[in-house]
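This report describes a protein structure for a reader who is new to the subject. Please look over the sequence and the structure before reading on.

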Amino acid sequence: MIHLGKLGDRIGYVVDGESGIAAMPQFLILPTLYHSSGGRACLETDGLAETILANTFFWQESAYTYILSTIFMQNPKTSTVQTVFRIILGAFMIWAAIGHLTLQRQEFQAQVPDWIPLGKDLVVILSGIVEFLLGFGMVFLAKHKVKIGIALAIFYVLIFPGNIAQYVNGTDAFGLDTDQKRLIRLFFQPVLIAWALWSTGALKVLFSKKG
């Protein structure tokens, strides 16, 4: 059983007979106490729960607003070097997308893991469309570069299992005809992720300190 009560500007609580004072934001108290009781505790608060739950929803909404305003709505100024690298990466994505949709479809199928429940050719086509959209955004949608940079980094993470599958299965494609070459290729994926985040200014936004 969880009992809550006001103690000045803090919240006093009793959980299964053990009491204490919560020195934490109100929106963290209920989930924290609930999990501390193994998810078995009920709540008796004489109306205090409603106040805390209301604050919980307020703080959650504020957190979402904070994320949108501090990350996705920012458009930091980047250097000329970053801009050049952003455009280069975008052009590379457009070129890769064209390969996905045309002459290199067979080779790209070598990177589709067998466990994906879709046809390999379909996966290649769909990923090619995504690559084209991301590449187009990187080159031409500078005002949205942070969002696009984050999306591209996530895309690189999502397709990384394909590179691993090519290495594990020993599949030849794109000139990667030895295990050593395929292994070396794996280490380029973190570089691409960092490239996408750095060139768009997303890296600075994600790790900037507020307040």
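## A buried phenylalanine

F108 counts as buried, because its relative accessibility is 10%; buried means under 20% relative accessible area, exposed over 50%, and partly exposed in between (1.4 Å probe, protein chains only). This residue belongs to helix α4, which covers residues 105–108. Helices (H or I, at least four residues) and strands (E, at least two) are DSSP runs, numbered from the N terminus.

Beyond its neighbours within four places in sequence, F108 is in contact with A96, G99, H100, V124 and F174, where contact means heavy atoms within 4.5 Å. F108 and V123 are 15 residues apart in sequence, and their C-alpha atoms are 9.4 Å apart in space.

## Basis of the model

The model is predicted: local features need pLDDT of at least 70 and side-chain atom pairs count only at pLDDT 80 or more, while totals for chains, interfaces and linings use all residues. Residues are numbered from 1 along each chain as its sequence is written, and side-chain values use heavy atoms, with hydrogens and water left out.

## Overall arrangement

The protein contains nine helices and four strands, in the sequence order β-β-β-α-β-α-α-α-α-α-α-α-α. Of its 211 residues, 34% are buried. Among contacts with a separation of 6 or more, 62% join residues 24 or more positions apart.

## Nonpolar cores

A nonpolar core is a set of buried Ala, Val, Leu, Ile, Met, Phe, Trp, Tyr and Cys residues joined through side-chain atoms within 4.5 Å. The largest one here has ten residues: L89, M93, L134, M138, I148, L152, F155, Y156, L192 and A196. Two or more residues come from each of α3 (80–101), α5 (120–140), α6 (145–169) and α8 (188–199). Helix α6 gives the most, with four residues.

Setting aside residues up to four places away in sequence, L89 touches M138, L152, Y156, L192, W195 and A196. A second, separate core of six residues includes V146, A153, L197 and V205.

## Aromatic pairs

The structure holds six aromatic pairs. Rings of Phe, Tyr and Trp (its six-membered ring) pair if their centres lie within 6.5 Å; planes under 30 degrees apart count as stacked, over 60 as edge-to-face and the rest as tilted. The rings of F85 and W195 are edge-to-face, because their centres are 5.7 Å apart and their planes lie at 65°. Since F85 lies in helix α3 and W195 in helix α8, this pair ties together parts that are 110 residues apart in sequence.

F85 is partly exposed, at 36% relative accessible area, and W195 is partly exposed, at 23%. Together, F85, W195 and W198 form one aromatic cluster.
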